[in-house]
Amino acid sequence: MKVSAGKLFRELIGRDEVVIVPHAYDAFSARLIEEAGFKAVLVGGASINAVMGYPDGEATRTEFLGRVREIIQAVNIPVRVDIETGFGSGSALDLMRTIQECERIGVAAVQCEDQVTAVKAQLTVAKADGGANRAHVVSRAEMLKKIEAALEARQDENFVFIARTSAKSRHGLQEALERGKAYAEAGADMISIQSLDTVDELKQAVDFVGAPLLVSALSIDKLALSTQDLKNIGIRMLSVGAPLRTVSWALQALLEEIKRTGTDRGFADRMVSKESVARLVGTPARDALRARFMDYE
C-alpha cells in the first residue's frame, strides 16, 4: 500500500536534524528541488501568486490549488503548502474545505496563519516598502477554533497541520509564545512564530512551545546561523524562499543583456543545456514509451 504523503512528511520532522525545504513556484522548480536532493518542497503563497501576476493573497482557492496539483504530480517528495488564512473569508468552515481539497490532491502538510484575512495584502505591501509589519491577528480563541476545525476536516491522521502566529510584531514576544504553545496544545503538529529576531528568542520559543518549530531563512538571515546552529537550538525545519527571487534576478539580467546586445551569447556559460531541460521534464522517458507502444512496424 502506498505510504501517504503526510506520513512521509511526519517522518521527516521526527528526525534529529533540520529539514531544509525550499519554495517551489511551479512544477519545473519543484523538479529541480527534488533533483538537488531535498526531502520536501514548500509551495509558498507569495511565490504562487507572483507567478500568476498577483500580489500575495489574491489567488482564489481554485486557482492556487490548481498550481499546487501540478507541483504534486511533478515530484515524488512530500509537498507542504502555505494556505495563508485558509482562503475565502478565512473562516473555520473555509479552512475545513481547504483542508479537504488539499488532502484530495495529495498535499502532505499545510501551514495556516492567524492573520486577519482582510488586511493580509495590505500588510504585505507595507513590509515590502520597508515599513513595520505590525500584523493584525485574529483572537486566540478564533484561531483555536480554526485549528479544531482543520483537524476535524482531515481524513488522514498523518496529514500535518502547521500553525503560524504573527502576533509578536503587534502584541509582543510573550503573546506570540503563548499562542504558539496554545496552538500546539490544540493539536497543531508544528508551529511557526514570525519575527523571532534573536538567538535568545529562538531558544525561548523552542523551550516554551513544546512542539517542533520551523523558521524562515528570510527571517533569520541577519543572524547568520548555520543549519548546525539551528539544530543545536532545537529548530526542526528551515524554509528557504530564495528560488523565485533568484530566478527573477537571472531572467532580468538575461533580458537586459539581450536588449543591450541583441544576443544571449553572453549568458551561454550560465545556461543549462536543452538536453538537461528535456530530461527534467521527462522527454526521454516519454519517447521510450512512444517507441514501445506506438511503433507498429
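This is a short tour of selected residues in a predicted model.

**Stop one: Ser239**

Select Ser239, which sits in strand E8, residues 237-240. Is Ser239 buried or exposed? Its relative accessible area is 4%, so Ser239 is buried. A polar contact of 2.9 Å links the side chain of Arg80 to that of Ser239. To see what else surrounds Ser239, leave out its neighbours within four places in sequence. The residues in contact with Ser239 are then Val21, His23, Leu42, Arg80, Leu214, Val215, Ser216 and Ala217.

**Stop two: a pair in helix H5**

The next stops are salt bridges, of which the model has 21. Select Arg104 and Glu101, whose side chains form a salt bridge with an N to O distance of 3.0 Å. Helix H5, residues 92-105, holds both Arg104 and Glu101. They are three residues apart, about one turn of the helix. Arg104 is exposed, with a relative accessible area of 58%, whereas Glu101 is buried at 18%. The cut-off matters for Glu101: buried means under 20% relative accessible area, so Glu101 with its 18% counts as buried.

**Stop three: a pair in helix H9**

Move to helix H9, residues 173-185, and select Glu185 and Lys181. What separates the closest N and O atoms of Glu185 and Lys181? The distance is 3.8 Å, and the two residues form a salt bridge. Glu185 and Lys181 are four residues apart in the helix, about one turn. With the surface still on, Glu185 shows as exposed, with a relative accessible area of 61%. Lys181 is partly exposed, with a relative accessible area of 30%.

Select Asp287 and Arg290 in helix H15, residues 283-294. Asp287 and Arg290 form a salt bridge, and their closest N and O atoms are 3.8 Å apart. Because Asp287 and Arg290 are three residues apart in helix H15, about one helical turn separates them. Asp287 is partly exposed, with a relative accessible area of 35%. Arg290 also counts as partly exposed, at 42% relative accessibility. Next, select Asp114, Arg140, Glu175, Glu178 and Arg179 together. Salt bridges with shared partners join these five residues, Asp114, Arg140, Glu175, Glu178 and Arg179, into one network.

**Stop five: two positive phi angles**

The last two selections concern the backbone. Most residues other than glycine have a negative phi. Select Ser195, a residue other than glycine with a positive phi, near 70°. Where does Ser195 lie? Ser195 is in the loop between strand E6 (190-193) and helix H10 (199-209).

Then select Ala224, whose phi is near 55°. That value is positive too, and Ala224 is a residue other than glycine. Follow the chain on either side of Ala224 to find its loop, which runs between helix H11 (217-220) and helix H12 (227-233). Is Ala224 buried or exposed? Ala224 is exposed, with a relative accessible area of 63%.

Notes. Residues are numbered from 1 along each chain as its sequence is written. This is a predicted model: local features need pLDDT of at least 70, side-chain atom pairs count only at pLDDT 80 or more; totals for chains, interfaces and linings use all residues. Side-chain values use heavy atoms; hydrogens and water are left out. Buried means under 20% relative accessible area, exposed over 50%, partly exposed in between (1.4 Å probe, protein chains only). A polar contact is a pair of N or O atoms within 3.5 Å; within protein, one must be able to donate a hydrogen and the other to accept it, and residues adjacent in sequence count only if both atoms are side-chain atoms. Contact means heavy atoms within 4.5 Å. A salt bridge is a side-chain nitrogen of Lys or Arg within 4 Å of a carboxyl oxygen of Asp or Glu.
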